[in-house]
Amino acid sequence: MEELIKSYEKKIHILFACRILMWVICAAGCAYWIYWSFKLYELIEFEVHTYATMFRPHFNLGITISLVSLAISLVFRLISDNYKKKMREEMCKVR
């Protein structure tokens, strides 16, 4: 019984670390398009159409990275919650 509980705890900790990593990747995706927004603004003398045309690929990549990492983080959360539920059930069993 204790071995099973310890294995659940280990899995929960690993999933938590993976979720933290996904949030860091999400922040990096946001920082990527913010960086390019300022960089392109400096390079182009505010030609609106040129700026939008050059910025769109960077924005799309950054937002896609962020959204995918958030979705993966939420999936990890569901898996973690499932392990926590199983661990609680195992702890509450009367032997």
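Tutor: Let us begin with Gly 29, which lies in helix α1. Please keep in mind throughout that this is a predicted model.

Student: Is Gly 29 buried or exposed?

Tutor: Burial is judged from relative accessible area, and a residue under 20% is called buried. Gly 29 counts as buried because its relative accessibility is 2%.

Student: Which residues is Gly 29 in contact with, leaving aside its neighbours within four places in sequence?

Tutor: The contacts of Gly 29 beyond those neighbours are with Gly 62, Ile 65 and Ser 66.

Student: What lies around Ser 66, leaving aside its neighbours within four places in sequence?

Tutor: Ser 66 is in contact with Cys 26, Gly 29 and Cys 30. With Cys 26 there is also a polar approach: a polar atom of the Ser 66 side chain lies 3.0 Å from the backbone oxygen of Cys 26.

Student: Which residues of α1 are buried?

Tutor: The buried residues of α1 are Ile 5, Tyr 8, Ile 12, Leu 15, Arg 19, Met 22, Cys 26, Gly 29, Ser 37 and Leu 40. Their cover includes α2. In reading such a list, recall that an α-helix has 3.6 residues a turn, so residues three or four places apart point the same way.

Student: How should the length of α1 be checked?

Tutor: One compares an expected span with the distance between the end C-alpha atoms. At 1.5 Å a residue, the 42 residues of α1 should span 62 Å, and the end C-alpha atoms are 61 Å apart, which agrees.

Student: What do separations in sequence and in space look like for other pairs?

Tutor: Lys 10 and Leu 70 are 60 residues apart in sequence, and their C-alpha atoms are 22 Å apart. Gly 29 and Arg 88 are 59 residues apart along the chain, with 36 Å between their C-alpha atoms.

Student: Which residues make the nonpolar surface patch?

Tutor: Leu 21, Ile 25, Leu 61 and Ile 65 make a nonpolar surface patch of about 310 Å². Both α1 (2-43) and α2 (48-92) supply at least two residues of this patch each.

Student: How many salt bridges does the structure hold?

Tutor: Side chains of opposite charge can pair when their charged atoms come close. The structure holds one salt bridge. Arg 77 forms it with Asp 81, and the closest N and O atoms are 3.1 Å apart.

Student: Where are Arg 77 and Asp 81 placed relative to each other?

Tutor: They are four residues apart in helix α2, so about one helical turn separates Arg 77 from Asp 81. Arg 77 counts as partly exposed at 40% relative accessibility, and Asp 81 counts as partly exposed at 30%.

Notes: Residues numbered from 1 in each chain as written. Predicted model: local features only at pLDDT ≥ 70, side-chain atom pairs only at ≥ 80, totals over all residues. Heavy atoms only, no water. Patch = residues over 30% accessible without salt bridge, like charges linked within 9 Å, V, L, I, M, F, W, Y side chains within 5 Å. Areas by Shrake-Rupley, 256 points an atom, 1.4 Å probe, with all protein chains shown as cover. Salt bridge = Lys/Arg side-chain N within 4 Å of Asp/Glu carboxyl O. Buried < 20%, exposed > 50% of the residue type's maximum accessible area, 1.4 Å probe, protein only. Polar contact = N/O pair within 3.5 Å; in protein donor to acceptor, adjacent residues only side chain to side chain. Contact = heavy atoms within 4.5 Å. Expected span 1.5 Å × (residues − 1).
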